[in-house]
Amino acid sequence: MLSDLSETHICTISTNKNLISHRKGQILYYEGTKPLGIFCINSGVVKVYKTASNGKDQIIHLAKSGDFLGYSALLGEENYTNSAMIVEDAKICFIPREAFLNTLFSNTPFFKRVTKQLSHELNVMEEKLTDATQKSIRERLAYTLLFLASSYGVEGDDAQKIDLVLSREEIAGIVGTATESVIRLLSEFKKDDLIEFEGKKIIIKDKRALARLSDFYAS
C-alpha cells in the first residue's frame, strides 16, 4: 500500500519507522490494548486471532510479507479487537500513529488504497461467516488447505508443499472447529491420498479433489 508515495511521504515514513525482528511465539499486540501505530510485515508470518470464552483461539487472518496490521483499530480510534502472534520468525516495521495518519490524509491515492483494503477485509469476513454456517467442517478444512497452498505453497513434481508449520490447533483455529476434528479429517485426507505429511508440513497431492471437496471449482 505504500507504493507510489511521494518522496516526501516516503522520507516521513522511513525516518519514523522502526524495523524489529520477532521470533516465533512472540505477541505483536494484545486484544483490548490501544494502537500507537501500524505494523507492516517485511518478512515472516503473523496470525491475527480472537480468544473465545472457552480459551480457544479463532484465527481471523494469516498476514505475510507486505501486509499491514492494526490500521483499522487506529483509524476507528478503538482498542484492538483481536491479538497478533508471530507464527514464523518475522521482521516487522512499526510506523507511529502520527506519521501514518499525516501521510494518509495528505495523499489521496494512498487514502483510496487503505479504504479499498478495509472494504476487502470486510467482504472476506462476511464470506467467512457465511461459510461457517453453510459449509461442513470437511469442506472448510479442504478450502483452508487450498488457501494455505496458494499463499505458502512450494511446487514439487506432482504435489505442492505448504511451506509453513502450523500446529493442528492453529489449523483448527482457522477452520473454526475442534482440534480433534482436524486431526481426524487430516488422517482421512491422507488415507484418501489427497495429502501427505513431511515432518510437520503438509503436502497437497490432489488439488482438484480438494477443490471439489471444498465446493469450489478446480482450476
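Let us start with a sorting of residues: Ala, Val, Leu, Ile, Met, Phe, Trp, Tyr, Cys and Pro count as nonpolar, Asp, Glu, Lys and Arg as charged, and the others, Gly among them, as polar. By these classes, the lining of the largest pocket has 22 nonpolar, 14 polar and 10 charged residues. Before going further, please note that this is a predicted model, in which local features need pLDDT of at least 70 and side-chain atom pairs count only at pLDDT 80 or more, while totals for chains, interfaces and linings use all residues. Residues are numbered from 1 along each chain as its sequence is written, and side-chain values use heavy atoms, with hydrogens and water left out.

Back to the pocket. A pocket here is an open set of points on a 1 Å grid over the protein atoms alone, where a 1.4 Å probe fits, with protein on both sides within 12 Å along at least five of seven lines; lining residues have an atom within 4 Å of a point. The largest one holds about 1500 Å³ of space, a volume being the space filled by probe spheres set on the points, which are joined across faces, edges and corners. Of its 46 lining residues, the closest to the centre are I60, H61, V124, M125 and K128. Helix α4 gives the most to this lining, with 12 residues. Helices (H or I, at least four residues) and strands (E, at least two) are DSSP runs, numbered from the N terminus.

Now to the aromatic rings. Rings of Phe, Tyr and Trp (its six-membered ring) pair if their centres lie within 6.5 Å; planes under 30 degrees apart count as stacked, over 60 as edge-to-face and the rest as tilted. The whole structure has 6 aromatic pairs. In one of them, F39 and F94 have ring centres 5.3 Å apart and planes at 55 degrees, so this pair is tilted. Because F39 lies in strand β3 and F94 in strand β6, the pair ties together parts that are 55 residues apart in sequence. F39 is buried at 10% relative accessible area, and F94 is buried at 19%; buried means under 20%, exposed over 50% and partly exposed in between (1.4 Å probe, protein chains only).

Another pair, F68 and Y71, is edge-to-face, 6.4 Å centre to centre with 80 degrees between the planes. F68 is buried at 7% relative accessibility, and Y71 is buried at 3%. Y71 belongs to helix α2 (residues 71-75). Leaving out residues up to four places away in sequence, Y71 touches M1, I38, F100, V114, Q117, L118 and E121, where contact means heavy atoms within 4.5 Å.
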